[in-house]
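Here are my notes on the model you sent.

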Amino acid sequence: MKIIVIGTGYVGLVHAAVCSEFGHEVYGYDTDAGKMEAFATGRAEQIERHVNEPGLSGIIRETVGKYLHFSSRLESIIEGVDAIFLCLPTPARLDGSTNLDIYEGSVRHLAGALAGRKDKRRVTVINKSTVPIGTARHLEGLLEKGGAGNFGVCSNPEFLAEGTAVAQALEPDRVVVGCDHPEDFKILGQVYSQFKNHVKIKYIETTPETAEGIKYVANTMLLTYISFWNGVGAKLGEKIPGLDIDALRVGVTADDRISTWGSLVSNGAGGSCFGKDIRSLIYQLQRLGVNTKMLESSYEVNEYQKVYLIDRAINEAGFSFNNKTVAVIGLAFKHNTNDMRDASSIDVIEGLLAKGVAKVMAYDPLANEAAKEVFDPKANVLFEKIEFCDSPNKAIKGTDALFISSDCDEFRGVSGTIRSTVKPPYLVLDGRRMIPDYKELVENGYTYLAVGSTALVPDMPDMPDMPDMKDKPDK
Ligand code: NAD
């Protein structure tokens, strides 16, 4: 089958690579010519500058130039195409609604390219992006108006999680295809022939509206579940001395009906999807006259969770951030990715700067370069106070406090680095509960404040106003 993937970001590039590995003839098309050049080299360092996913560059290296091609001219690759996947950005507007400007512009362009085809057989256009319910029908109208000819528009939402995108694309838990026409079901069945009769993979054929809805309900459910643990479980652990959040979590999730995924409490969930998707669903439901209080709470709990450790440091440990130097480690929204979109670290660093810190020493194993673009001093002069470091050691040295903002495995040994690098009084804010030996830190005079636990403030001469904390039992 000849497949075109329009938009080769995190979703599109992984999809294009995996389809090419399955032996389809795949063309990635993107308006970013720099990306097209980088991907066509097949070289890991070129590819990973744009999309850093385990296993991705290896597949591209094998298939590029044979089954996988890249182009920044749609018209030159359109002839003979069977399926066109749209993997374009669908950002949020200020009111939460989905901005489809890029989408609509791209589909108008596509309509012109399809209208110019010599080969008039049916082509299936597929939304892989997360788009509001009803978008497939809307695009059908745009393509028709643009004279696209013999085509169908379907929904095939993407469920990948960054960091494990390739593994999930090679063996997804489900494939959802929403079409109106048997011909389109057939074409998608050929694209996904490996998955269609797979015993472990649910292959769901439904309407475009249902497929679009499945994506929003799934993502909103996941964020609500995370917010439940952060808003309920974590709060119990933080308020009740003697309540062990880790044991609580194990006890609750021992029930087969309750997921362990999402039960690890944290300083909020980031990434390009959860926040924008829940806001979009709230907007869509409100337009239908539905009460959205529950979803609004999920969203608000998650947003405040990103920065609330800063408030706890002030209120529970008597810490003043003014003029202090703070290390922030874990900049990407989670481990194993360089994706900075909606990362909790952005709120953390902006929150620290707003509290008057003198300097932020920042570190991430994969995302330093992407973070430099986010924290561009041309956009905000305060970002000049951020210094990027190439190890946790260098980030922590000479600082007054540390904020752990993501779950990179290498942070689990960071208590050793703390003890050998900085002397107490020193404050550790642990947004991901990454320090299992925190008791030793506290015994050695460090203050430890983690999501899900009461503040642990040692007997420090410069914290005389914290007598109540000293009396509290250790977890
Ligand atoms: P992305 O920003 O990484 O990639 C989008 C790509 O589209 C970029 O390479 C950009 O250059 C390109 N592009 C922009 N305008 C274009 C145009 N007119 N023509 C061709 N290319 C154009 O975005 P993403 O993370 O891949 O997300 C894409 C969609 O998939 C979004 O709707 C997102 O919500 C959804 N999604 C994302 C994930 C994820 O984890 N990233 C998971 C599931 C679903």
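How much space lies in the second largest pocket? The points below start there.

1. Volume of the pocket. This is a predicted model, so read every value as computed from it. The second largest pocket holds about 310 Å³ of space.

2. Lining of the pocket. A set of 22 residues lines the second largest pocket. Nearest its centre lie E158, Q168, A169, P172 and R174. The largest share comes from α1, with 4 residues.

3. By class, the lining of the second largest pocket has 14 nonpolar residues, 3 polar ones and 5 charged ones.

4. The ligand shell. Around the ligand there are 27 residues. The closest are D30, K35, T90, E162 and K276. The shell divides into 10 nonpolar, 9 polar and 8 charged residues.

5. For E162, a polar side-chain atom is 2.7 Å from a ligand nitrogen atom. Both K35 and E162 are also listed among the closest residues of the shell.

6. Cover of the ligand. On its own, the ligand has 840 Å² of accessible area, and the protein covers 88% of that. Two elements give two or more residues to the shell: α1 (10-21) and α5 (101-115).

7. Overall fold. How many helices and strands does the protein have? There are 20 helices and 14 strands. The radius of gyration is 25 Å, close to the 23 Å from the globule rule for 475 residues, so the protein is as compact as a globular protein of that length. Along the principal axes, the C-alpha atoms fill a box of roughly 80 × 45 × 40 Å.

8. A cis peptide bond. Please look at the bond that joins P424 and P425. The bond is cis, with omega at about 5 degrees. P425 belongs to the loop between α18 (414-421) and β13 (427-430).

9. A positive phi. N336 is not a glycine, yet its phi is positive, at about 65 degrees. Where is N336 placed? This residue is in the loop between β9 (325-329) and α15 (344-354).

How values were computed: Residues numbered from 1 in each chain as written. Predicted model: local features only at pLDDT ≥ 70, side-chain atom pairs only at ≥ 80, totals over all residues. Heavy atoms only, no water. Near = heavy atom within 4 Å. Polar contact = N/O pair within 3.5 Å; in protein donor to acceptor, adjacent residues only side chain to side chain. Areas by Shrake-Rupley, 256 points an atom, 1.4 Å probe, with all protein chains shown as cover. Nonpolar A, V, L, I, M, F, W, Y, C, P; charged D, E, K, R; others polar. 1 Å grid on protein atoms, 1.4 Å probe; cavity = no way out; pocket = protein on both sides within 12 Å on 5 of 7 lines; lining within 4 Å. Points joined across faces, edges and corners; volume = space filled by probe spheres on them. Rg over C-alpha atoms; globule rule 2.2 N^0.38 Å.
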